[in-house]
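Here is a structure to read together, one feature at a time. Have the sequence and the model side by side.

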Amino acid sequence: MLGQLTVPRRRDDVIDQIRSRLAERGQTLADAIRERELYFRISVVGTCNLSCTFCHNEGAPASGKISLGVVGEAVPAAVRAGFTRVQFTGGEPLLRPDIGDFVRLAREHVDDVGVTTNGTYLPQRLEALLDAGLARMHVSLQTEPLVEAGTKDAWGIPDWLMPTVERAASGAFTLRLNLPVPADSLDRTEAFLYLLTARGVNVKVFSVLPEGEVREDSYPLAALNALVDRVNAHNSTVPGAGEVLLRGFRPPAGIRCSTCGDLPRCKEQSHSLRLGADLLLRPCLATRTWDAPLQRDHIDASVTEAALLALDYAW
């Protein structure tokens with residue numbers, strides 16, 4: 001048992017089973033991290049200036065900050081465990097004026113360093129991020145600013161986002177926009193995707209339900225799939241065009257998931273190991289069952305155990 005947090009008695013047994021499964025497959029932890037494209041996600045602040053309905057920050061604290069010193073210990077430990085990508089998140093990470101310092105520190109240990117942001121502070125932070133060596137940026141959009149920047153029948157790119165799009169198009173870093181797609185906005189979505197991808201931007205779309213009387217089972221997911229296929233088919237003939245990704249769902253599976261008490265409520269597998277602003281390691285974003293404190297005096301063991309739990313899906 002790690003620290004003072006109450007963790008499942010079966011935690012050690014589950015970790016042992018995962019280690020055994022890796023050994024059976026002839027894999028190291030680093031092998032499995034690479035195979036499953038697991039990344040190390042650090043929440044540098046708990047607060048956010050927005051309240052997005054699609055936010056993937058379940059159960060995380062709504063306050064608190066992580067220190068540069070902690071990150072300076074955690075990132076090398078994650079790299080030693082086998083992680084090759086670090087993503088800074090929140091809350092809203094760009095609320096921190098010193099976010100560039102975190103990126104610069106992480107770049108001392110790994111090349112693939114990014115931030116996930118709602119974008120509202122990009123005008124103040126973009127240059128500092130690029131100076132620090134940012135490799136990728138994910139901007140999670142809400143539809144309201146797209147409506148405000150567009151016309152009656154079409155969405156537009158907000159003025160505050162345009163410099164980021166232009167810098168990404170120049171090759172300064174990789175940009176991906178996360179775009180929620182309401183069921184009643186497929187036509188506007190398709191036109192907007194052509195507009196963005198023509199500038200070399202990658203977009204990850206996911207379904208959301210509009211407010212009102214539309215039921216969950218009435219979302220036109222097949223139509224959204226077809227839309228994505230059309231845009232990508234067109235872009236395959238356009239040099240430099242971006243790609244549209246459709247967020248898929250991975251049903252919970254694996255050794256850890258099969259023993260989790262929150263399984264009946266679980267919607268999706270995690271794809272990262274998160275270090276929260278409260279210094280808890282979160283192998284899964286959908287439940288707090290497997291959280292454990294980062295043990296700075298035994299940091300390699302602490303991160304390794306959490307990583308083993310995080311990669312446990314789809315055995």
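## Reading the features

Q: Which parts do the buried residues of H4 pack against?

A: First, a caution: this is a predicted model. The buried residues of H4 pack against helix H3 (68-81), strand S2 (85-89), strand S3 (112-117) and helix H5 (122-131).

Q: Which residues of helix H4 are buried?

A: Start with the general idea. An α-helix has 3.6 residues a turn, so residues three or four places apart point the same way. Now the case here. H4 covers residues 99-107, and its buried residues are Ile99, Gly100, Phe102, Val103, Leu105 and Ala106.

Q: How many aromatic pairs are found in the whole structure?

A: A search finds three. One of them joins Phe40 and Phe83. For Phe40 and Phe83 the angle is 45°, with 5.6 Å centre to centre, and the pair is tilted.

Q: What does the pair of Phe40 and Phe83 tie together?

A: Phe40 is in strand S1 (residues 39-43), and Phe83 is in the loop between H3 and S2. The pair therefore ties together parts that are 43 residues apart in sequence. Both Phe40 and Phe83 are buried.

Q: Are Trp155 and Phe192 buried or exposed?

A: Compare each value with the cut-off: buried means under 20% relative accessible area. Trp155 has 7%, so it counts as buried. Phe192 has 1% and is buried too.

Q: Where does the charged end of Arg85 sit?

A: Look for a charge over a ring. The charged end of Arg85 sits over the ring of Tyr39, 3.9 Å from its centre. Arg247 lies over the face of Phe206, at 5.6 Å from the ring centre.

Q: Which peptide bond is cis, with omega near 15°?

A: Read omega along the backbone. The bond runs from Gly90 to Gly91. Gly91 is in the loop between S2 and H4.

Q: What is the phi of Glu37?

A: Glu37 has a positive phi of about 55°, yet is not a glycine. Glu37 lies in the loop between helix H2 (29-35) and S1. At 60% relative accessibility, Glu37 counts as exposed.

Terms used. Residues numbered from 1 in each chain as written. Predicted model: local features only at pLDDT ≥ 70, side-chain atom pairs only at ≥ 80, totals over all residues. Heavy atoms only, no water. Buried < 20%, exposed > 50% of the residue type's maximum accessible area, 1.4 Å probe, protein only. Helix = DSSP H or I, 4+ residues; strand = E, 2+ residues; numbered from the N terminus. Contact = heavy atoms within 4.5 Å. Phe/Tyr/Trp six-rings, centres within 6.5 Å; stacked < 30°, edge-to-face > 60°. Lys NZ or Arg CZ within 6 Å of the ring centre and 35° of its normal.
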